[in-house]
Structures are given as structure tokens and as C-alpha cells.
Amino acid sequence: MLCFVLPLLLFGLVVNAILRRDMTAVSSADSLARVQQTQDQIELIFSEMDSLNITFGMNSSVIDLLNRSLLHNKQGTLSLELDRLVINYLIPAVAARRYIHSLYIYIDNPYGRFITDANFLTTLDRYYDTTWYDSYVLHKGDAQLFWSNLRTLRRFPAVESDTQVITLYKKLWRRDGVVVLNLSKRYFDKQLAGIVSSPAQQLLVMNSDREVLMQSDAHFAPAAPDLDTLLNETQSLTADVTIGGAHYLLTRSTSDVYGWTYLMLTPHADLYALSDRFSQLVYLMLGLSVLVCIGISVQYVRTSQRSVQRIISLLDAIEHDAPLPDVGEVKEDAYAHIMQNIVMNYGKQRSLNRQLEQKKNEAKTLEMQALQAQI
């Protein structure tokens, strides 16, 4: 039994180990390609911010216009030149890209003025979105040129629902100011949902402050300790992690320039589905093999027991010089060979006994005849 079951078990274990290794390698390569694709697409947006930064931070004619409009224009009136500036630079940047919610250009000024793609020239006290300015003031004095956060906007509270935006900040070169680009979180969440290979797979994008900016599944909400696990895990591209009691294969890529981390989580249940089904098949075959072996063993024991009982019956009959019992149909096996030898030996013994008895009788007859002749 063991000679049959053990090779099957070893074969299943070896094949399953090879399957899991190959599936891990294939999934890791596929996930890494998807993560890097996401990273490349998103970082194209950062390059657009750099283009705006050059225009509004280094172009002398634009700088002069901004100074006159934001710093020296006490009345805050909109000039034709500023009108053309917004139409030529800001509106095309937003209108051509569905993922951009809004765009602001701010240069430090005593009036709180800034330029938007929608309202052109406006002020902090008249515009519905001002929390970006708080973030700018917070980072104004540090050396960080780029940062990001997740914000919630509502332009008309009575009729609009909350709109979540991913806000990118890029300080202007050579002057105190910032380019503020608001991205639609909903748009990018949909894009990430189209990149993952299955609904159970998760794709997350986090900033340097460990804030989840984009995710493929809005219902997937890892707790803060789980996020720490994802970011503090080994610096290799892939690793096995446990999130909320579920096991995942983690694939990660980090942008050294912008500090964003791109994470792909593939559930082990999906990754090793084929391997698990193969294991179940091996265990099923192993169980059936054990049952067959047990059945064969039971049948063999029963047959052997009957054969032994027949042999005992034959020996008992021979011992008591009784007629041999009928052993019925006997299969060709070792026990049958033993019984045949017993019957043959019994037959020979009976023949010898008859011959011996006959000779004894003949000897007695001769002895009687000799005695009679003497008388």
C-alpha cells in the first residue's frame, strides 16, 4: 500500500511546488508591468506641471504680467493680456484632459489673488476652494518643492455632493508661488479598476505622507497598521503580506523623485487557484487510492482467513482420521498450494496406511496358515 501511495503523494507535492513557483514568477512579472504602467502614466501629469512651472516661473513676459495683475493691480481688474494668458495656457491644459478638475496659479501677494482656469482672476475670500492655500502656507518655508494631498470640494453645498480631488502642488521656480493642480479622484479610481486583472486584485497609489490617493476598489480600506506594513515591508519588488487576515502577494514600485508608492496586491486565493485545485485533485486521488488499498487489503485478509480456516479444517480432519472436508473452489495462491500439498500428502499417507494394513493382514494370514500346518 505504501509503495503505491507514497510515490503519488511525492509526485503531487513536487508538481504543486513547481506550479506555485511558476505562478508566483508569472504573476509578479505581470503585476510589476501593470504597476510600472500606472506609474509612467501618472508621472506624465507631473511633467505637465513642470511645463506650467517653467511658463509661470521663468517666462519673463508672463512674470511681468503676473506682477502687474496680482501685485500692482490694486483694483484687481482683469486685463486683456491676463485674459489671453489664461485662455492660452490654463484653459487648454484643463479642457484637453478629462482627469483635471481645476488648475490654480498663485504668486505671493498682499491681496490674496490667484488665477484659475474657470474664474480667471479671483481672491481667496471670494472663491469656494481655499484649503489648498493652507497647505501651501504650511510647506512654504520648507525645502520640499512637490507635495500632494487628498481633499474634498463642494462648490454649491445645497445642490452638489462632495467631490474628492487629488491636489498636486509644485512651487514656482525663482519666486514665491505655487502651481496647484486638482485631479479627479473618481477618474483615476476607474482607470486603476481597469488595470487590475480581477476584482479581488487591489491597486493603490500612496503619497509620501502614507495617504491613499487612488485605488482600484473604493471598498478596500486597509487600516493604518496595514498601510505601515505595506510601506515598511522589505524593499524588494515583491513580498508576501497579510492584510486584514487575508494573504496577498505585494508588488511595489516607488518614485524616487515624487515620493509616490504604487502597490499591487494579488490575493493568494486567486494567485494559487490552479495550484489549490491541483492539490485538491491530488488529495482526492490519494484518498481514493487509500480506500482502494484498504478495500484490497480487507479482501485479501478475508480470503487469507478463509484459506487458513480451510487449512485448519484439513489438518484437524487428518489428525482425527476423519474424511476431508470440501474446501470448495480455491484460487491459485500460496494458501491453495499449501492445501494441495496437504491433500496430496494426506492421500499418500492414506495409500501407505492401506498398503501397510494390507501387508499386516497378509502377514497374519500367513502366520495362521503356518500354525494350522503345524497342527
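Which residues do ring pairs link into a cluster? Ring pairs join Tyr 104, Tyr 106, Phe 114, Tyr 127, Tyr 128, Trp 132, Tyr 133 and Tyr 136 into that cluster, where rings of Phe, Tyr and Trp (its six-membered ring) count as a pair if their centres lie within 6.5 Å, and where planes under 30 degrees apart are called stacked, over 60 edge-to-face and the rest tilted. Before we look further, note that this is a predicted model, in which local features need pLDDT of at least 70 and side-chain atom pairs count only at pLDDT 80 or more, while totals for chains, interfaces and linings use all residues. Residues are numbered from 1 along each chain as its sequence is written, and side-chain values use heavy atoms, with hydrogens and water left out.

A search of the whole structure finds 21 aromatic pairs. As for exposure, buried means under 20% relative accessible area, exposed over 50% and partly exposed in between (1.4 Å probe, protein chains only). Tyr 106 counts as buried because its relative accessibility is 2%, whereas Tyr 133, at 24%, counts as partly exposed.

Strand β1 leads us to a sheet. It is an open sheet of 6 strands in the order β3-β2-β1-β6-β5-β4, with antiparallel pairing, and two strands are said to pair if DSSP finds at least two bridges between them. Its edge strands are β3 (120-123) and β4 (146-153), each of which pairs on one side only. Neighbouring strands of this sheet are turned by 25 degrees against each other on average, direction ignored; here axes are lines fitted to C-alpha atoms, for helices over the stretch in contact, and angles run from 0 to 180 degrees between N-to-C directions. Within the sheet, strand β5 (residues 163-171) and β6 pair in the antiparallel sense over 7 bridges, and Leu 168 has Leu 181 as its bridge partner in β6. Helix α4 packs on the sheet, touching β1, β2 (113-116), β4, β5 and β6, and its direction makes about 155 degrees with that of β4, where contact means heavy atoms within 4.5 Å.

Strand β6 (residues 177-184) also holds Asn 182. This residue is buried, with a relative accessible area of 0%. The side chain of Asn 182 is joined to that of Arg 151 by a polar contact of 3.0 Å, a term for a pair of N or O atoms within 3.5 Å; within protein, one must be able to donate a hydrogen and the other to accept it, and residues adjacent in sequence count only if both atoms are side-chain atoms. By contrast, Ser 161, which lies in the loop between β4 and β5, is exposed, with a relative accessible area of 55%.

We can now turn to helix α5 (residues 185-195), whose buried residues are Lys 185, Phe 188, Asp 189, Leu 192 and Ile 195. Seen down the axis of α5, these buried residues fall within an arc of 115 degrees, so they line one face of the helix; the arc is that of the directions from the helix axis to the C-beta atoms. The face of α5 turned away from its buried side carries the exposed residues Arg 186, Lys 190 and Gly 194. Helix α5 lies across β4, β5 and β6, running at about 55 degrees to β6.

There is another sheet to follow, an open one in which 5 strands stand in the order β8-β7-β11-β10-β9 with antiparallel pairing. The edge strands here are β8 (212-215) and β9 (238-243), each pairing on one side only, and the twist averages 30 degrees from one strand to the next. Helix α5 packs on this sheet, touching β7 and β8, and its direction makes about 50 degrees with that of β8.

How values were computed:
Helices (H or I, at least four residues) and strands (E, at least two) are DSSP runs, numbered from the N terminus.
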